[in-house]
Amino acid sequence: MEESNEMLNMPEQADNTANGVENNQTLHTPEPLAENTADSNANEADEARNDATATSENKQESVPAAETTAQEETSENGEAEDANTPSAEESAVEEEPQVDYSAMSREELTEALKALLETDDITSIKNRVAALRQCFTNADKEVRKEAFDRFVAEGGNKDEYEYHDDAIAVEYHKVYDQYRERRQKNIDEQEAIKKSNLEKKQQILEDLRKLIDNENETLKQAYDAFNNIQDQWKGIGDVPRAELNGLWQNYHFLVEQFFNKVKMNKELILLDQKKNLEAKTQLCEKAEELIVEPSIAKAAKEIQSLREQWREIGPVPPEHNDDIWTRFRTAASQIDERRREYYEQRHEEQEKNLLAKQALMEKAAELTAEAPTTTKKWNEVSSALDELLKIWKTIGPVPREQNEEIWKTFKGRIDTFYSEKKQHFETVKDEQNENYNKKIDLCLQAEAIAKRDDWKKATEELLKLQEEWKQIGPVNRKVSEKIWQRFRGACDEFFNRKSEYFTTLRGSEQENLEKKEAILAELKSYAFGENKEENLDALKDFQRRWMEIGFVPIAEKQRLQKDFRDTINKMFEQLKISAREAEINSFRDSLRNNKGGHHAINDKREHLLEQIQKLRNDISVWENNLGFLASSKQADILKQEFEKKMRSAHQEIALLEAKLKILDEPVETENKASEETPKAEA
C-alpha cells in the first residue's frame, strides 16, 4: 500500500499561541478536537479517550477512539472519495501503455522482451511482460504441437516423444529469467526497506509513549518534541501490509493521548485551521491547473497525489469548510470526467478494432471455406491470407477479454489452411515424382527409337510416345526443362535422320519446282467462263495437279504454297464460293484420291464423330456456365464471349456433319448398284 494510504487521518498542525508555545512551532491535532470549539462536548471526548486508553493497554490494535477519529474526520471535511476515484496504485498502472503482442512471432516476442528489460524501473513493465509472456506461451504450445504431430506423422511412438526447446525458446527463457531476477531483487529490496521502516515507526511509537509519560518537560518542549516525532513519521516510507493497520491505529491512539495530556486550547486549534485553509487553497489552485493538462494519465496521477495531500492537511475553520471542499471536489470531478471520457473513447476505438478484426476473420473464413483445386489457386489464397495478416497487425488492440479468443480463431484458420496446403503440395510432389519417372521411361524409349531405320513403324511409335508425353502431368520445375530437352533431342535426332534419308530421294525437286511454277503461272492467267460448275472443276483440277507434283526445294516450299493458296482463295472469292463450300469440295476431292480404301474412310468417320461429340460437350459446358453468370458488366462480356464460341461451334458441327454425309455417299451408291444388278441380269 502507498505511503499516502498509511497517512490517512493524520494529526493536524497548529501554531501554539499560548502556554509558552511560540507562533512558529507546529503540531498536529485530530479533526474531532477541532470540531469541539467549546467545552460542551468535553464529556463525550473524555469517554472516547478513556475507552481508547483502556483498549491500548490490553491490545494496541483496532482502537475505537482512533476509528472514531477517522470517521469524524471524513464526516466533517466531506472528503470521502468517490467510488470511481482511482487509487495511487491504479493511476500507476494506467500510466503503463497497453501493447497488443498477439500478432507477433516468437522471435519478435523475444526481441520485445529484451527491449522492455532496458528500462531502469522494473515495476513499470509488469503488465506488458505478463501479456507478452502469455502470447509466447500460446505460440510455443503451437510449435510443440507441430513438433509432436510431425514426430507421430513420421512413424514415431508418441509415448517415446521427448521435446527439447529450440534456440528461440532457450533465448526467450534466458531473457525472462533475467526479468525475474531483477523483479525479485526489486521485491526483496522493497521488503527490506519496509521492514526497516517498520522498525523506525515502532521506535517512533516508543518515543511518543515516552513523551506522553514525561512529566518534566514544559509545554513548548513537549510540542517541539511532538512536531519532530510527526515529521519523522511522515518522512518514513511504506511498511509491510500486514503491520499497516495496527501501526496506524496505535499511532493515532498515542497522538490523541498526547493531545489529552497537553490539553491544547481553542486558540491553537483556530490558528491551525487557518493554516490548513491556506494549504488547502493552494491544493485547489493546483487541481484547477490540472484541468487543462494535456496528458490524461499525468493529470489523473497528480490529482491523486493532491487528494493524498488533502488528507494529510487538518480541518479548516467551519465557515470555510464547505466552500473549500466544494472548490477542490469540483476541480477533481472535472479531471475524473476527462479520465472517464478518455477511457470511454478508448473503449469505442477498441470496439471498432474488434469489428475490423471480425471482418478479417470472416474474410479468412470465406477464403478457406473450400480447398483450392490448383496450385495457382493455393498460392492466390496464400497471398490473400498474408495480406489479411498484414492488415490485422495494423489494427489497434481490442477489448482485453476478447483479444485472445479472436486472435486464436483468426490464426487457427490460417494455420489450418497452411497445414492443408502443405499436405496438398506433398501430394503434388509425389505425383510429380511419379510423372518424372514416367517421362524418364519415355526418354529411354525415344532414344532407342532414334537409332532405328524402319522409318514408318518407328515414326508411328515415336508419335505415340509424344501423345503419351502430353497425357502425363507436370514434373518439378527444376527438372522440367531438362527432361523435355532430353525427350525432344531424341525425337529431333530421329526426324533429322529420317529427313536426311528422304532428302537423298528428292533428286527431282528442281524439276518439280519448275512444274509448280508453270501451274502457278497458268492459274494466274486463267480466265473464268460463264459456267460456275466448269469454273469450279477447273480450280479443282489446278489443285489436283498441284498436289500430284512431288517435293520442291525446302527454301521455295513456303513461298510457292502461300502464293498458290492466295491465288486460289482470290479465285474462289471471284466465284463467290463460301469457305464452307470450298472446304467441302476439297474434302470430296481428297476422298476421290483416297488410296486407303474402306479402312481409311472408317477412320475419318470416327474422327469426325469424335470432333462433333467434343464440340457438343463444349457447347453444353458453355451453356451451363452462362447460367452461373450474374448480371454485371464483366459478366455481360463473358456471356458475349461464350455465345460467340457457341455460334462458332454450331457452324463447325454443321460443317463436320456435311463431311460425314459425304463419307456416306459412296457407300449408298455402292449399295444401290449391288441391289440393281440382279434386276439387270434378269
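These exercises look at charged side chains in a predicted model.

**Exercise 1.** Which residue forms a salt bridge with Glu467, and how exposed are the two partners?

*Solution.* 
- Step 1: find the partner. Glu467 pairs with Lys470, and their closest N and O atoms are 3.8 Å apart. The cut-off for a salt bridge is within 4 Å.
- Step 2: Glu467 has 43% relative accessibility, so it counts as partly exposed. Lys470 has 61%, so it counts as exposed.

**Exercise 2.** Which residues form salt bridges with Arg545, and where do they lie?

*Solution.* 
- Step 1: take Glu522. Its salt bridge with Arg545 has closest N and O atoms 2.9 Å apart. This pair links distant parts of the chain: Glu522 is in helix H18 (residues 509-525) and Arg545 in helix H19 (residues 532-548), 23 residues apart.
- Step 2: take Asp541. Its closest N and O atoms with Arg545 are 3.7 Å apart. Asp541 and Arg545 are four residues apart in helix H19, so about one helical turn separates them.
- Step 3: compare with the surface. Arg545 is partly exposed, with a relative accessible area of 24%. Glu522 is partly exposed at 37%, and Asp541 is partly exposed at 26%.

**Exercise 3.** Which residues form a negative surface patch?

*Solution.* 
- Step 1: name the members. They are Glu341, Glu344, Glu348 and Glu349.
- Step 2: Glu349 is in helix H13 (residues 318-367).
- Step 3: A patch residue needs over 30% relative accessible area. Glu349 has 42% and is partly exposed.

Note on methods. Residues are numbered from 1 along each chain as its sequence is written. This is a predicted model: local features need pLDDT of at least 70, side-chain atom pairs count only at pLDDT 80 or more; totals for chains, interfaces and linings use all residues. Side-chain values use heavy atoms; hydrogens and water are left out. Patches are made of residues with over 30% relative accessible area and no salt bridge: like charges are joined within 9 Å, nonpolar side chains (Val, Leu, Ile, Met, Phe, Trp, Tyr) within 5 Å. Accessible areas come from the Shrake-Rupley method with a 1.4 Å probe; for residues, only the protein chains shown count as cover. A salt bridge is a side-chain nitrogen of Lys or Arg within 4 Å of a carboxyl oxygen of Asp or Glu. Lys and Arg count as positive and Asp and Glu as negative; His and the chain ends are not counted. The place of a charge is taken as NZ of Lys, CZ of Arg, CG of Asp or CD of Glu. Helices (H or I, at least four residues) and strands (E, at least two) are DSSP runs, numbered from the N terminus. Buried means under 20% relative accessible area, exposed over 50%, partly exposed in between (1.4 Å probe, protein chains only).
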